[in-house]
Amino acid sequence: MKNEHYGLLEESHQCISVMAVTGIRSEYDLMYPLLNEMHNSPFFNVSVVVTGAHLTSLHNYSVKEIEQDGFTICSRIETTIEQDDVTNRVLSCSLLMKGLGDTIAKHSPDLLLVLGDREEPLVAAMVGNYMNVPIVHLAGGDSTNPEGGNVDEQSRHATTKLSHLHLTMTPSHSERILKLGEEAWRVHTVGSGGVDRLRLTPHLSRDALRKATALHTESRYAVFIHHPLNGDFNTAKLEINAGVKKAVQAGLHVIIGVPNSDPGSSEIVKFINELKGVQVYKNLTRDAFINLLRHADLLIGNSSLAFHEADYLGLPAINIGERQRGREHSGNVIFCDSTYDAVEDAIQTALYDDTFRDHLNPNESLYGDGFMATRVLKILLDLPIKRKMFAKQITF
């Protein structure tokens, strides 16, 4: 394939160097299908900067998965994210900024690839701009709960304004970015890499899944993933207690994953490890995790999985509390308050209400059709030269 006009591909001598920055397992899994597609293309040279929680025990050193996937890790930037407080989160940003600056100076990539709304994409976007590397931002334009005051909302939109190409998950996300004044040619609706991942992951039987993970998947079970909102551990404890208790009362075994490395996460890890009658996992292989969701009866907590992966799998999901409220979904998500009665009602609806369950459509998703990576490759191969990428205009 060769562009008909002189663009980034020609400027880069027919091989575009892409440096992806990832700081946590959930972000990397959404990036993986695109990284793999580029890795298998002769027109791209892909490398990965690994930082944040990947290099900690929080998720059992998830950098090992990146190594197993065979991508070139060009830098491992240690931070203090494992200390789990807002001061160390800021310090982590400064360490990442310095390390990323050194890495870019050494490798001179053509593009920086970032995803989402955490501090890693925000810092990478700042560094890229000052070091003259265009930023490709995946999953911008989303909105979780602006009224909740969570920093993710501001971080996501700030990263958008610092980015030069926007690859969104839904049409409404693209519309939101256009309202921020971004030029239309920079904005593309491509879907979520999470849906690509589901389409590409082989199926495992319940028995094979049990043998691979040692998790109890023989009977009915719920997967529980809960992240703290603004470090509020007391509210998180209430929400987890209500969800676990009512799921067990409904006859479900409960399998809990440890949360992302947000402030307050270490307290949640300690708390869920002390719960009785549940199973806790730190990290699972990609195939195991997807099949854990495939065989589940219910997803509970406040994870974005409810909106991306669960939707495509036809898996009912309950979002407890304020995190994610207002996020776009296809009708598979029930939002409920943190009270025991509200959670109980939500579980009964998710499991037994035919009107609600009619909204569950496996292999269909608001967040894409599973071919995000293919679309993105075509867009990247048709990018203009860097000078035009950097010449951002504001349109209203």
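Select helix α6 and pick out its buried residues: Asp 152, Glu 153, Ser 155, Arg 156, Thr 159 and Thr 160. The model on your screen is a predicted one. Now show what lies around those side chains: the cover over the buried residues of α6 includes β4 (111-115), α5 (119-130), β5, β6 and α7.

Stay on α6 for a check of its length. The helix covers residues 151-162, and at 1.5 Å a residue its 12 residues should span 16 Å. The C-alpha atoms at its ends are 17 Å apart, which agrees.

**Next stop: strand β6.** Select residues 165-168. Is each face of this strand covered or open? Both faces are covered: Leu 165 and Leu 167 are buried on one side, and His 166 and Thr 168 are buried on the other.

Strand β5 (residues 135-138) runs parallel to β6, and 3 bridges join the two. Look for Leu 138, which stands opposite Leu 167 in β6. Strand β7 (residues 187-189) also runs parallel to β6, again with 3 bridges. Within β7, Val 187 is the bridge partner of His 166. To get from β6 to β7, follow the chain through helix α7 (residues 171-179); this β-α-β crossover is right-handed.

**Next stop: helix α12.** Select residues 286-295. How many of the 10 residues in this helix are buried? The count is 8, so α12 is largely enclosed by the rest of the structure. The buried ones are Arg 286, Ala 288, Phe 289, Ile 290, Asn 291, Leu 292, Leu 293 and His 295.

Glu 309 is found in helix α13 (residues 309-313).

**Next stop: Thr 103.** Find this residue in helix α4 (residues 86-107). Is Thr 103 buried or exposed? Its relative accessibility is 6%, so Thr 103 counts as buried. Apart from residues up to four places away in sequence, Thr 103 touches Met 19, Val 49, Cys 74, Ser 75 and Ile 77. Then draw a distance from Thr 103 to Lys 270: the two are 167 residues apart in sequence, and their C-alpha atoms are 35 Å apart in space.

**Next stop: Leu 383.** This residue is found in the loop between α16 (372-381) and α17 (386-390). Leu 383 has a relative accessible area of 2%, so it is buried.

**Last stop: the whole chain.** Clear the selection and zoom out. The chain has 17 helices and 13 strands. Its C-alpha trace spans about 65 × 45 × 40 Å along the principal axes. A compact globule of 396 residues would have a radius of gyration near 21 Å, and the chain has 21 Å, which agrees.

Buried residues make up 60% of the 396. Take the contacts between residues at least 6 apart in sequence: 69% of them join residues at least 24 apart.

Methods: Residues are numbered from 1 along each chain as its sequence is written. This is a predicted model: local features need pLDDT of at least 70, side-chain atom pairs count only at pLDDT 80 or more; totals for chains, interfaces and linings use all residues. Side-chain values use heavy atoms; hydrogens and water are left out. Buried means under 20% relative accessible area, exposed over 50%, partly exposed in between (1.4 Å probe, protein chains only). Helices (H or I, at least four residues) and strands (E, at least two) are DSSP runs, numbered from the N terminus. Two strands pair if DSSP finds at least two bridges between them. A crossover is right-handed if, with the strands pointing away from the viewer, the path from the first strand over the helix to the second runs clockwise. The expected span of a helix is 1.5 Å times one less than its number of residues. Contact means heavy atoms within 4.5 Å. The radius of gyration is taken over C-alpha atoms; the globule rule is 2.2 Å times the number of residues to the power 0.38.
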